[in-house]
Amino acid sequence: MAMVAQHAPRLVVIGGYARSLTLFRGPLLAAMVARGYRVTAMAADPDPAVTEELAALGVDFEPLPLARTSLDPRRDLATLRHLTRRLRALAPHAVFAYTIKPIIYGGLAARLAGVRHRHAMITGLGYAFMGQERWRRRALSAAVTVLYRLGLDGADTVFFQNPDDRRDVTARGIVRGVRRVELVRGSGVDVDHYALRPLPAGPARFLFAGRLLREKGFLDYVEAARLVRARHPEVRFSVLGRLDPNPTSFSADQLAAWQREGLIEYHGEVADIRPYLAECHALVLPSYREGTPRSALEAMSTGRAVLLTDVPGCREVVVDGESGFLVPPRDPAALAAAAERLLASPGLFEELGRRGRARAVELYDARQVAAHMLDAMRL
């Protein structure tokens with residue numbers, strides 16, 4: 001753990017939920033401490049294990065009263081008041097926020113508290129821009145657009161993880177009051193932590209890792225499993241992830257029914273994905289849109305082929321046919337065909353995985369991503 005002087009300038013990092021601080025921002029937080037800053041991280045859903053992991057990095061943690069999926073304005077105003085009060089007390093040199101509500105209310109609170117430097121990362125365009133009902137999508141999109149503008153107005157830097165998000169957000173005028181816009185390669189991946197692993201013996205196993213949401217393509221994964229297992233009953237389809245309060249999540253009863261049917265093997269949400277990557281031959285994420293899919297980077301780093309959809313955020317990660325396959329979104333049959341292409345030529349698992357590992361090391365090393373971000377923020 002790096003030692004930081006008590007009089008060192010302070011940075012505040014605001015995230016949606018505590019676990020994301022170590023899962024997605026660990027290398028960035030460590031790099032901030034290494035550059036001599038005192039770092040305080042804030043997020044909802046406090047977890048003692050996360051607090052310990054952050055302390056090991058030299059980072060303080062404060063729980064944040066944030067309702068991540070609620071649309072109750074009273075709760076959001078309470079979050080804004082809390083953040084404003086804490087930022088006035090901490091008087092940080094800069095604030096960095098990521099995901100929708102932390103960006104909006106963290107940005108507003110930083111302005112009210114007189115924080116001079118503000119930075120944000122838009123990690124993807126979620127349900128507010130992707131709702132299934134047209135009227136709901138329009139209403140949420142309009143509201144979030146206005147709130148984003150308020151939260152980001154006058155910000156020093158806004159980071160995007162893919163060019164499609166940057167284009168779409170810019171077209172809405174959301175970043176018109178921002179000083180600098182930067183494109184980064186997602187959160188990167190710790191290529192030493194996610195080391196190259198040999199492929200397991202036995203029948204092929206595919207893995208889905210992510211929130212169990214419709215827009216993550218989870219239903220398409222289940223239906224592709226149904227198609228593949230009808231012809232290859234020995235093939236296994238594993239699932240990691242949590243049931244989410246998001247409106248497009250699936251129920252525990254539906255998940256249990258798919259397990260009873262023998263389509264998937266559900267392992268819940270885990271703190272360390274590496275043992276499950278070691279046991280699989282390929283990772284599958286048929287998402288409808290991403291910022292940059294972290295699970296795909298972790299899989300590539302460990303030498304696993306990846307099957308992704310040809311959508312923003314995913315198409316930048318995979319070179320189709322070289323380090324994995326890209327398939328059309330919302331198309332379980334195409335996804336099943338890509339899986340069967342691998343099954344027909346088992347050597348492809350190793351070949352694509354080897355190239356994916358090389359791509360992860362060259363382009364997505366988290367240390368390089370963190371250094372790029374800190375330099376862009378002039379920290």
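Two strands pair if DSSP finds at least two bridges between them. Strands (E, at least two residues) and helices (H or I, at least four) are DSSP runs, numbered from the N terminus. This is a predicted model: local features need pLDDT of at least 70, side-chain atom pairs count only at pLDDT 80 or more, and totals for chains, interfaces and linings use all residues. Residues are numbered from 1 along each chain as its sequence is written, and side-chain values use heavy atoms, with hydrogens and water left out.

**View 1. Strand 9 and strand 10 are parallel partners.** They share 2 bridges. Valine 239 faces tyrosine 266 of strand 10 (residues 265-266) across the pairing. Helix 10 (residues 252-260) carries the chain from strand 9 to strand 10 in a right-handed β-α-β crossover (clockwise from the first strand over the helix to the second, with the strands pointing away from the viewer).

**View 2. Strand 8 and strand 9 also run parallel.** Here 5 bridges join strand 8 (residues 205-209) to strand 9. Arginine 205 stands opposite arginine 236. Between these strands the chain passes through helix 9 (residues 218-231), again a right-handed crossover.

**View 3. Strand 9 is largely enclosed by the rest of the structure.** Of its 5 residues (236-240), 4 are buried (under 20% relative accessible area; exposed is over 50%, partly exposed in between; 1.4 Å probe, protein chains only).

**View 4. Helix 14 (residues 347-363) has a buried side and an exposed face.** Its buried residues include Leu348, Phe349, Leu352 and Ala360. Gly347, Glu350, Arg354 and Glu362 are exposed on the face turned away.

Technical notes
Expected span 1.5 Å × (residues − 1).
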